[in-house]
Each structure stands twice: as C-alpha cells, then as structure tokens.
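Keep the viewer open as you read.

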Amino acid sequence: MVTRRLVQLLIGLALYGVSLAMLIRAGLGLDPWDVFHQGVANRTVLSIGTVVIITSFVVLLLWIPLRQRPGIGTLCNAVLVGLFADLGLAVIPDVTHVAGQFAMMAGAVLLNGVASACYIGARLGPGPRDGLMTGLAHRTGRSIRLCRTLIEVAVLAIGWLLGGSVGVGTVVYALAIGPLVQLLLPRFMVPDTAAPSARPASAEPTTAAR
C-alpha cells in the first residue's frame, strides 16, 4: 500500500506538470496560480517551472506562522510539478490553429483533474498552496471557500498585471476542475486505514492538488 501511494503521488505530480505545459501551449489562459507564475517568468530570466518551484517554497515559509506541517507529498509537490512543467514545455509544441488550441485546453483540464485526484488520493500531504488556504481558514475562522477565493483572485490579479495569460482557459479551468476532481477522486482515494497520522486536511474533492 505504501508503494502504491508513493507511485500514485509521483504519477499525479508528473501529470500535473505536463497538464500545466499543455495549458500554456494552448494559449487560451491559465489557472490563477499559473497566471501568476507565468507573469513572474515573463518579467525574469527564469523558466515557468523554476518560478513554480520558488513560489512553492516561499508559500511553505508562510506555513510557519500558520502552524501547518508538510508531508512528503508537500515537498515532492514543491519540486516535481515545476520540473515536469518545464519538461513538458520542452517536448510539447505550440498550437496555433483555433481547433487545436481548444482541444489542447480541454485535454489539459481533463489531465489536470486526473492528476489532482491521483495526487490528493495518495494522502501524503497537501500541496503548498492548498496548505496555505486551509491554514488561513483554520487561523482566521473563515471558510476554506472564501480563503481560496481571496488567494486566487489576488494571485490572478498580480499575474495578469505582470503579463500572465488570462482567457477562456482560465474560466474553463475554474468551472471544471472542482467537479472533475470530485468525480475522479473516489477512483484514486487510498482507503482510510492506509492513511498516515498526518493525513492532509486539505485533501477535499473540490481543491486542486497544489
């Protein structure tokens, strides 16, 4: 069971990074956090994958006052998503035809849903950004939904101002990812009896893996 969880974790993170690369190549807009990552990458000499990794560790520093504890999945998430995003960008070509762009976007969102369910279902720790969301909710007494909305609106606005891509893909992702993960999560969820004592509180069906 431990082997299954580790393999599932790694596969989920790899697919997540590839789905990010696909969404970028589609050119129709990114999810809020990746709008921010792309915006920072556009203003620096860093690749978007490197920005994802750096941002993950900066967010983890914010866990300290929130008294959040990372799991092995948290640390793997912080490193591997960015690495696989850059790898995906190295092998996936740009798509310029409109039909191809929409097909790539749809495939990216679907793959992201599978990746999120796979990663969350492994129960090895929340992603850095999910941990920030749940930590703020716990410390402030506000709902997870409100905290997530405020965080994502903030990073989306900053990313857009920095030149990150906002478009129909951003809307499709926002509307589709929750239902997709909720639908797919039962297929990937490791039984409770196999979960570690530090089971991530943020592994709920409507949150993305990061």
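## Helix α6 and what surrounds it

Helix α6 runs over residues 128–140, and its 13 residues reach 18 Å from the first C-alpha to the last, close to the 18 Å expected at 1.5 Å a residue. Please keep in mind that this is a predicted model.

Which residues of α6 are buried? They are Pro128, Arg129, Asp130, Gly131, Leu132, Met133, Thr134, Gly135 and Ala137. The cover over these buried residues includes α2 (32–42), α3 (48–66), α4 (72–91) and α7 (144–161). Just after α6 comes Gly141, with a positive phi of about 80°.

## The α3 and α4 pair

The crossing of α3 past α4 is right-handed.

On the α3 side, the contact is made by Ile48, Gly49, Thr50, Val52, Ile53, Ser56, Phe57, Leu60 and Trp63. From α4 come Thr74, Leu75, Ala78, Val79, Val81, Gly82, Leu83, Asp86 and Leu89. By type, the residues of this contact of α3 with α4 are 12 nonpolar, 5 polar and 1 charged.

## The α2 and α7 pair

The axes of α2 and α7 lie 7 Å apart, and the helices pack at an angle of about 30°. That angle makes α2 roughly parallel to α7, since the cut-off for roughly parallel is under 35 degrees. The crossing of α2 and α7 is left-handed.

Where do the two helices meet? In α2 the residues are Pro32, Trp33, Val35, Phe36 and Gly39, and in α7 they are Ile151, Glu152, Val155, Leu156, Ile158, Gly159 and Trp160. The residues of the contact of α2 with α7 divide into 9 nonpolar, 2 polar and 1 charged.

## Gln8 in helix α1

One more stop: Gln8 sits in helix α1, which covers residues 2–26. Is Gln8 buried or exposed? With a relative accessible area of 7%, Gln8 is buried, because buried means under 20%.

What does Gln8 touch, leaving aside its neighbours within four places in sequence? Gln8 is in contact with Ala117, Cys118, Gly121, Ala122 and Phe188.

How values were computed
Residues are numbered from 1 along each chain as its sequence is written. This is a predicted model: local features need pLDDT of at least 70, side-chain atom pairs count only at pLDDT 80 or more; totals for chains, interfaces and linings use all residues. Side-chain values use heavy atoms; hydrogens and water are left out. Helices (H or I, at least four residues) and strands (E, at least two) are DSSP runs, numbered from the N terminus. The expected span of a helix is 1.5 Å times one less than its number of residues. Buried means under 20% relative accessible area, exposed over 50%, partly exposed in between (1.4 Å probe, protein chains only). Contact means heavy atoms within 4.5 Å. A crossing is left-handed if the near helix is turned anticlockwise from the far one by less than a right angle, and right-handed if clockwise. Ala, Val, Leu, Ile, Met, Phe, Trp, Tyr, Cys and Pro count as nonpolar, Asp, Glu, Lys and Arg as charged, and the others, Gly among them, as polar. Axes are lines fitted to C-alpha atoms, for helices over the stretch in contact, and angles run from 0 to 180 degrees between N-to-C directions. Angles under 35 degrees count as roughly parallel, over 145 as roughly antiparallel, 65 to 115 as roughly perpendicular and the rest as oblique.
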